[in-house]
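Me: I am new to this structure, and I would like to go through its side-chain contacts one careful step at a time.

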Amino acid sequence: MQSASTDIAERAIGIIDQLKGKEGPLLPILHELQAEFGYVPRETLPIIASALNISRAEVHGVFTFYHDYRDHPTGRHVLKLCRAESCQSMGGDALADRARELLGIDWHGTTPDGAVTLEPVYCLGLCACSPSAMLDGEVIGRLDAERLEEIMTEVRL
C-alpha cells in the first residue's frame with residue numbers, strides 16, 4: 001500500500017509535468033494543485049522548485065504571497081467575510097464577531113466537524129451592497145445578522 005505522501009507526490013508530479021512547459025507556470029501549477037487536493041500540500045513545494053529549476057524560497061514566497069492558496073484542507077464550505085472599509089462601516093465587524101462566535105473558530109480556522117472554514121477577504125467588489133460575504137464562491141450582498149444565522153444553519157447540516 002502506498003503512503004499518503006507518495007500518492008501526493010505522484011499526483012503533484014503529474015500536474016507539474018503537464019504545466020511546466022507553459023510560460024510562467026508557477027501560478028497555474030499552484031492553482032491546479034489546490035484544485036486537486038483542496039490545498040497546496042507543503043511537500044509539493046520542493047518538487048515544484050526542482051521541476052521549474054527555481055529556489056524553494058521563490059516557490060514559498062509566491063505561495064505565501066497569495067492569500068487564496070491554502071496549506072491545509074478546508075471545511076466542506078468556505079465562508080469569506082469582507083473586511084474592507086465599506087463593509088466595516090456598514091456593520092461588518094459585528095457580523096464577523098458573530099460568525100466567529102457561532103462557529104467557535106477564528107479567521108482561517110475550520111470547525112471541528114469539518115463543516116466550515118472562515119476566511120477574511122479584503123473586498124468582494126460589492127461595496128454598494130455592504131456588508132458582503134462569499135459562501136462557496138457565491139457572493140452575498142447586504143448581509144445582516146439574520147441572514148448570517150441562516151447561512152450558519154445551512155452549512156452546519
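**Charged pairs and cysteines**

Reply: Lys80 and Glu119 are both buried, where buried means under 20% relative accessible area, exposed over 50% and partly exposed in between, with a 1.4 Å probe and protein chains only. This is a predicted model, in which local features need pLDDT of at least 70 and side-chain atom pairs count only at pLDDT 80 or more, while totals for chains, interfaces and linings use all residues. Residues are numbered from 1 along each chain as its sequence is written, and side-chain values use heavy atoms, with hydrogens and water left out.

Me: How far apart are the closest N and O atoms of Lys80 and Glu119?

Reply: A salt bridge is a side-chain nitrogen of Lys or Arg within 4 Å of a carboxyl oxygen of Asp or Glu. Lys80 and Glu119 form such a salt bridge, and their closest N and O atoms are apart by 4.0 Å.

Me: Which residues are linked with Lys80 in a network of salt bridges?

Reply: By this rule the structure has 15 salt bridges. Lys80 belongs to a network of them, and the residues linked with Lys80 there are Asp68, Arg70 and Glu119.

Me: How many disulfides does the structure hold?

Reply: A disulfide is a pair of cysteine sulfur atoms within 2.5 Å. The sulfur of Cys87 is too far for a bond, because the closest cysteine sulfur, in Cys82, is 3.4 Å away. Cys127 is in no disulfide either, with the nearest cysteine sulfur, that of Cys123, 4.0 Å away. The number of disulfides in the structure is 0.
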